[in-house]
Amino acid sequence: YYVGGFMPCFDNPDVLEAAGVFLRLLIQRYREHPALWYYDAWNEPRSRPMAQCLCDHSVVSYRNWLREAYGTIDELNAALHKRWASYDTLIPTASNNDIVEMFLWRKWAGWAVSEQVRFVCDIIREEDPKAPVLVHAGCCDVLRDPACDSCDDPLNARHADRYGFSCNLLHWPTDPHHHDSAEFQAAWLRSVDPFYWCHELYPNSSDWCRSTKPSTLARHIWMAIAGGCSALTFWEYRSVRMGIRANGFGIREIDGGPTERSEVCDAIAGVVRDHSAMLASAQRVPAKIALLFSKDSDLLQRLTKMKTWMGDAEGMRPDVDYGYKHALRGAHLLYTGAGQDVDFVSGGGDLSGIGVLHVTCCELIDEKTAESLRAYVMAGGVLVAEFPFAARDERTWIHTLRPGYGLHELTGCRELSREVTVSDPPDIATFPQGRQIRAQGWRIRLAPEDADPIAYWNDGSVAATRRKLGKGSVYALGVNVSLSFSGEWQDPAFGVFEWLLHDVGVPHPQDGRARDVWIRRRRGESGEVWFIFNVADAERVVSLPAPPVSIWHACNATERKPKAFTLGPGAALVVEMALS
């Protein structure tokens with residue numbers, strides 16, 4: 001739709017019919033072409049913004065979606081406490097004054113997009129069953145505004161053979177969150193498709209920008225590959241001559257001439273070519289720590305941030321500056337700084353093999369997920385629940401007893417009160433060994449019932465608890481450490497996470513490396529590929545457990561002795577290691 005203006009309404013059967021004719025002609029023309037590699041079924045599937053199409057076809061689709069989910073109109077009314085006379089009288093809400101209705105409307109929008117993806121994938125397979133089908137998401141769920149840019153990665157991925165995304169990175173990173181961005185996105189994509197594609201990696205920025213440093217570009221490329229992708233595509237090869245992206249994004253000049261960027265890309269491409277067999281067979285080593293991603297909680301907190309009145313929701317612009325997104329990124333970086341790898345799981349996903357499951361800002365926990373959390377802990381898992389936790393049900397209604405669905409019996413405590421934090425005097429929670437967290441977002445006081453306090457607010461009330469249950473244990477944090485994390489290397493939140501990991505018996509890496517030196521591993525049958533990054537502005541030294549089998553690439557890194565390397569500021573080192 002980029003060429004012809006904004007996309008037509010694909011809820012309209014006439015539009016779908018025309019699209020089907022076009023697709024079949026396209027595939028019939030090119031399906032035997034020797035250069036055909038795969039079909040990218042849909043580039044960046046996404047809804048319209050809040051000004052969603054309200055034509056008769058879209059409204060009927062929404063009604064049918066509700067009917068499938070709830071049944072008769074009486075059953076829908078009973079579930080949501082509404083008084084609609086029939087589905088024929090039900091119309092989508094025009095504002096978020098009614099959170100429940102806007103919540104459902106935006107969930108439908110993500111589903112409708114996935115149905116459009118399915119439509120295209122089905123036609124491709126009918127006309128050419130031999131070629132793989134890929135879908136390219138653009139911005140992925142953990143970064144995307146779930147209300148103004150509705151899309152659902154797992155739903156879309158069900159219809160494709162491979163799922164891809166655009167890797168969003170800052171070319172001039174200045175803080176730990178910037179450096180962690182590639183791994184944060186990769187961790188999510190691995191949960192969607194273990195063989196995902198990094199479909200857009202930008203070697204430059206748009207227009208007449210200050211070009212990224214070659215060392216930064218090298219580090220970003222290797223970070224993307226370290227994430228576990230099975231393919232990587234640059235955007236773009238040459239800089240373009242027109243439009244809002246003139247003379248930007250490209251690896252090479254407009255005339256195809258070389259740049260410092262192309263030298264970096266060519267060098268890394270040569271390494272990938274020379275070691276392609278091993279790299280292609282090597283996958284990321286599964287992490288023992290996982291973050292639970294709750295798309296419903298994400299959408300809910302986005303909607304509660306909106307300040308709209310009556311019918312002005314269509315003026316809303318994409319926004320990811322709210323609690324859930326901040327807490328999710330904070331938790332990932334805090335574990336990364338503690339020397340740990342992190343994976344993602346979704347609600348109801350497989351929790352086997354996970355040592356520590358971290359749940360942050362998940363206000364909305366459904367009954368099925370609540371049951372899986374109980375089973376996980378009883379079987380020996382460690383649950384870290386940062387409040388607000390299970391405060392609402394599937395309708396977005398607030399539980400009278402929180403956490404809901406009986407999860408207070410799992411945590412051994414209940415929520416006593418929840419208040420927005422203030423700055424004067426600040427709300428401070430003190431953990432063991434005097435580690436203090438200045439709370440951001442909310443101050444949630446806990447009432448222990450069958451749990452031991454481990455942190456206190458400055459008024460003496462309980463800020464965190466710990467309990468043993470079955471074969472596992474539960475840590476309930478009324479102070480949301482991840483949300484309160486400032487993003488600075490010296491933030492005391494790192495100390496709290498390091499204490500917590502020690503308390504549950506997760507060993508800290510024994511090589512003594514700093515928080516800003518990160519190691520990622522892809523394991524194959526014959527060995528491992530280690531990607532070592534120094535994201536600090538100062539020199540660091542890293543010691544490996546054994547001498548590398550070979551050194552694949554060293555950018556600002558030098559070997560001091562067989563097992564030790566000096567890493568300059570921003571260094572990237574890629575080595576092959578024997579299986580341990």
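**Sheet, helix and loops**

Me: In which sense do β3 (residues 162-167) and β4 (residues 197-201) pair, and over how many bridges?
Reply: Strands are DSSP runs of E with at least two residues, helices are runs of H or I with at least four, and both are numbered from the N terminus. Two strands pair if DSSP finds at least two bridges between them. For β3 and β4 the sense is parallel, and the count is four bridges.

Me: The model is predicted: local features need pLDDT of at least 70, side-chain atom pairs count only at pLDDT 80 or more, and totals for chains, interfaces and linings use all residues. Numbering starts from 1 along each chain as its sequence is written, and side-chain values use heavy atoms, with hydrogens and water left out. Which residue of β4 stands opposite Gly 164?
Reply: Look along the pairing of β3 with β4, which is parallel. Opposite Gly 164 is Trp 197.

Me: Which strands are the edges of the open sheet?
Reply: Five strands make up the sheet, in the order β1-β2-β3-β4-β5, with parallel pairing. An edge strand here pairs on one side only. The edges are β1 (39-43) and β5 (231-234).

Me: What angle does helix α4 make with β1?
Reply: Axes are lines fitted to C-alpha atoms, for helices over the stretch in contact, and angles run from 0 to 180 degrees between N-to-C directions. Within the sheet, neighbouring strands are turned by 25° on average, direction ignored. Helix α4 (residues 99-127) packs on the sheet and touches β1 and β2 (133-136), contact meaning heavy atoms within 4.5 Å. Its direction and that of β1 make about 160°.

Me: How far apart are the end C-alpha atoms of α1?
Reply: The expected span is 1.5 Å times one less than the number of residues. Helix α1 (residues 13-30) has 18 residues, so it should span 26 Å. The distance agrees: 26 Å.

Me: Within what arc do the buried residues of α1 fall?
Reply: Buried means under 20% relative accessible area, exposed over 50%, partly exposed in between (1.4 Å probe, protein chains only). Ala 19, Gly 20, Leu 23 and Ile 27 are buried in α1. They line one face, because the directions from the helix axis to their C-beta atoms fall within an arc of 105°.

Me: What covers the buried residues of α1?
Reply: Asp 14, Glu 17, Phe 22, Leu 25 and Arg 29 are exposed on the other side of α1. The cover of the buried residues includes β1 and α4.

Me: Which residue's backbone oxygen does the side chain of His 159 reach?
Reply: His 159 is in the loop between α5 (153-157) and β3. At 15% relative accessible area, it is buried. Leaving out residues up to four places away in sequence, it touches Ser 114, Val 117, Arg 118, Cys 121 and Arg 125. The backbone oxygen reached, at 3.3 Å, is that of Ser 114.

Me: What is omega between Phe 387 and Pro 388?
Reply: Most peptide bonds are trans. Pro 388 sits in the loop between β10 (382-386) and α13 (408-411). Its bond with Phe 387 is cis, with omega about 5°.

Me: Is Thr 396 buried or exposed?
Reply: Thr 396 lies in the loop between β10 and α13. Its phi is positive, near 80°, though it is not glycine. Its relative accessibility is 4%, so it counts as buried.

How values were computed
Polar contact = N/O pair within 3.5 Å; in protein donor to acceptor, adjacent residues only side chain to side chain.
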